[in-house]
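Open the model in your viewer and keep the selection panel at hand. The tour goes stop by stop.

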Amino acid sequence: MGTADIIPGVSGGTMALILGIYQQLIEAIRSFDLQWLRSLLYLDIRNMAARPHFAFLIPLLAGIAAALLFFTRVVPLPYLIEHYPEPVYGLFFGLILGSIVILIREFERDRIGWLFLLLATILGWWVFNLVPAETPDAGWFIFISGALAISAMLLPGISGSFILLLLKKYAYIFAAIGAADFSVIVPFALGMLAGLIAFSRLLSWLLRHYYRQALAAIIGLLVASLWVIWPYQQRVFAHVGDRQKLVSVTPAWPEVWTGMTILAVIMIITGFVAVLVLNHMARNGSAVSGR
């Protein structure tokens, strides 16, 4: 998930879904509820430590932090993306394509399922092709921006930074953080907290009561994300300090087949096969533990 957060256009939620921990992630976030907050206020250490899914969250956050450090300090992934984008995006294209194949095998194919899949694909494609719009800098809109960004991060296929770019708030928010402008940081952080609490509960409820429709919608968002992840396209990035963020894309077919093109195809196949192997290993592991 940490590696995915570095790749423009790839979300951590997508990788959580590919690795089979998406629903567990949503439930872990949801575990920080009013009962946990009450324990925090009364300094009830035992309930504070026992209620949230720390056994899941601590190694997950450690892995994310390790990946962020490794791929920015040791192996400069942003450099590889800038100079060798086709193989890098090819790997993630294969990973997402493989996960779509696995998920389609799991959901019931009926008219309602296909309808939700189609609608989510169209919605995702529409979002990816939106043009950044002028928006107000008022505190209420910063709050909404924070809520929308964190909600997008929980969805597979859509990154929170991409939403901030569409709202033309990415540079504004990071400039405020750099300048320690709490008049912007506080409403943004409150919006993120509100969005995390509300949207994680909404997703958890949907996955519990409308799993088939929710799964179809998730698959649709992943299908739409292939539009952004396809290795060969014209990408427009927004540079904010030492960061580069994806603004718009136009998929294309490679005009000339070179060694780099062949490598990109190999990486697509590698990513696709890797997901199938991981899924097979996870199923076998579950079967063994079930015995």
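Which helix holds P87? Select helix α8, residues 85-106, and P87 is there. Bear in mind throughout that this is a predicted model.

**Stop 1: P87**

Show P87 with its surroundings. Its relative accessible area is 9%, under the 20% cut-off, so P87 counts as buried. Beyond its neighbours within four places in sequence, P87 is in contact with M260, L263, A264 and M267.

**Stop 2: the nonpolar cores**

Move on to the largest nonpolar core, which has 57 residues. Where to begin? Select Y22, F56, I96, I163, L203, I219 and I229: these touch the most other members. Then colour helix α14, residues 211-229. Helix α14 gives the most to this core, with 11 residues.

Go back to I96 and show its contacts. Setting aside neighbours within four places in sequence, I96 touches T14, I18, L222, S225, L226 and I229.

**Stop 3: aromatic pairs**

How many aromatic pairs are there? The count comes to six. Select W125 and W227 for one of them. The arrangement is edge-to-face, with 5.8 Å centre to centre and 80° between the planes. W125 sits in helix α9 (residues 111-128) and W227 in helix α14, so the pair ties together parts 102 residues apart in sequence.

Are these two rings buried, exposed or in between? W125 has 40% relative accessibility, so it counts as partly exposed. W227 has a relative accessible area of 29%, and it is partly exposed too.

Now select W140 and F141. This pair is also edge-to-face: 5.6 Å centre to centre, 90° between the planes. Check each partner's surface. W140 is exposed, at 54% relative accessibility. F141, in contrast, is buried, with a relative accessible area of 12%.

One more selection for this stop: F93, W230, W253 and W257. Ring pairs link these four residues into a cluster.

**Stop 4**

Finish at helix α3, residues 22-30, and pick E27 within it. Is E27 buried or exposed? Its relative accessibility is 18%, so E27 counts as buried.

What does E27 touch, not counting residues up to four places away in sequence? Show H53, S204 and R208. Take S204 next: a polar contact of 2.5 Å joins its side chain to that of E27.

Then turn to R208. R208 forms a salt bridge with E27, and the closest N and O atoms are 3.1 Å apart. R208 lies in helix α13 (residues 182-209) and E27 in helix α3, so the pair ties together parts 181 residues apart in sequence. The structure holds one salt bridge, and with E27 and R208 on screen you have it in view.

Terms used. Residues numbered from 1 in each chain as written. Predicted model: local features only at pLDDT ≥ 70, side-chain atom pairs only at ≥ 80, totals over all residues. Heavy atoms only, no water. Helix = DSSP H or I, 4+ residues; strand = E, 2+ residues; numbered from the N terminus. Buried < 20%, exposed > 50% of the residue type's maximum accessible area, 1.4 Å probe, protein only. Polar contact = N/O pair within 3.5 Å; in protein donor to acceptor, adjacent residues only side chain to side chain. Contact = heavy atoms within 4.5 Å. Core = buried A, V, L, I, M, F, W, Y, C linked by side-chain atoms within 4.5 Å. Phe/Tyr/Trp six-rings, centres within 6.5 Å; stacked < 30°, edge-to-face > 60°. Salt bridge = Lys/Arg side-chain N within 4 Å of Asp/Glu carboxyl O.
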